[in-house]
Amino acid sequence: MMRPMCLARTLGVLLAAAFALPACAPVAAPTAPPRLEDCHKDRLATLYQGVFTFGTDQPVYPPWYIGDNPANGEGFEAALAYAVADRLGYQPEEVRWVRVPFSEALVPGPKSFDANLSQFSITDQRRAAVDFSSPYFDVNQAVVTVKSSPAARVRTVDELKALRLGAEVGSTSHTAAVAVHSRNPVEVYNTTGDAKLALANGEIDALVADLPTAFTVAGELRDGMMVGQLPPGGDQVEQFGVVLGKGSPLTPCVSAIIEELRRDGTLERLESTWLAEAGRAPVLT
């Protein structure tokens, strides 16, 4: 049996603890967007002081990059990278590029880049490992083939099910191809270029890629053709975002700059310049 004094002391401790609980679990205040004047190279914690390092895959393809040379600033993502760098106060000669395989850029841990543009779709699963900026492009997935393939006669998603599809490993294009419920396993390749070669050699009937890339692949293949766009896989629009390390102090500034580029019409102008073909494909029913 507990003695009265001990019971009183115990009750006092419990009541004190109960009243202290709210202080132990404060509600986090929403994070305010950074001031653009604070998003300047003199205040940014980049890998190398005074230099902004962008990462991208190797190889890279039109219309995102031209000539597999991101440093020339040609192509939608190359031009966007230099536009972001400019708004952050970096001159073109203060921009550095490194090559990072697509899947490696998305693994947790330290990064060899400050930011990476390689057509990364924003997903909750990926957010667990890396940061994403505000989205810079809404994208659909599309199917490409050659005229001699049985895929050339396809007009519906259901007709794709019996075909051999291919896509880049770890990409949302691969996810979209699997969602078609093909009767055959979807073939995966290290790069879209490898998938394109497999299509040209007859190893697969069609490949799945994001719509702008699909247009480029169709143009590069002998007798290449666009089969059509896959219908959206739900209510959520697929969007590309810049990848940064998890918890990167640069993420708020990169996002703020992209939002500014959207407001002032820069993103729209870049799309008109580099992605003009993106809407010219039928949607498969």
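**View 1. A polar contact between the side chains of threonine 56 and serine 118.** In this predicted model, the side chains of threonine 56 and serine 118 are joined by a polar contact of 3.2 Å. The side chain of threonine 56 also reaches the backbone oxygen of leucine 117, at 3.0 Å. Threonine 56 belongs to strand E1, which spans residues 52–56, and it counts as buried because its relative accessibility is 0%, under the 20% cut-off. When neighbours within four places in sequence are left aside, the residues in contact with threonine 56 include Tyr65, Pro70, Trp97 and Arg99, as well as Asn116, Leu117 and Ser118.

**View 2. The crossing of helices H2 and H10.** Helix H2 (residues 76–87) and helix H10 (residues 266–274) have axes that come within 10 Å and cross at roughly 155°; because angles over 145 degrees count as roughly antiparallel, the two helices are roughly antiparallel to each other. The crossing in which H2 passes H10 is right-handed. On the H2 side, Phe76, Ala79, Leu80 and Arg87 take part, and they meet Thr266, Leu267, Leu270, Glu271 and Trp274 of H10. The residues of this contact divide into six nonpolar, one polar and two charged.

**View 3. Proline 185 in the loop between helix H6 and strand E8.** Proline 185 is found in the loop that runs between helix H6 (172–179) and strand E8 (187–189). With a relative accessibility of 64%, proline 185 counts as exposed, the cut-off for this class being over 50%. Leucine 165 is 20 residues apart from proline 185 in sequence, while the C-alpha atoms of these two residues are 7.8 Å apart in space.

Methods
Residues numbered from 1 in each chain as written. Predicted model: local features only at pLDDT ≥ 70, side-chain atom pairs only at ≥ 80, totals over all residues. Heavy atoms only, no water. Helix = DSSP H or I, 4+ residues; strand = E, 2+ residues; numbered from the N terminus. Buried < 20%, exposed > 50% of the residue type's maximum accessible area, 1.4 Å probe, protein only. Polar contact = N/O pair within 3.5 Å; in protein donor to acceptor, adjacent residues only side chain to side chain. Contact = heavy atoms within 4.5 Å. Axes fitted to C-alpha atoms, helices over the stretch in contact; angles between N-to-C directions. Parallel < 35°, antiparallel > 145°, perpendicular 65-115°, else oblique. Left-handed = near helix turned anticlockwise from the far one by under 90°. Nonpolar A, V, L, I, M, F, W, Y, C, P; charged D, E, K, R; others polar.
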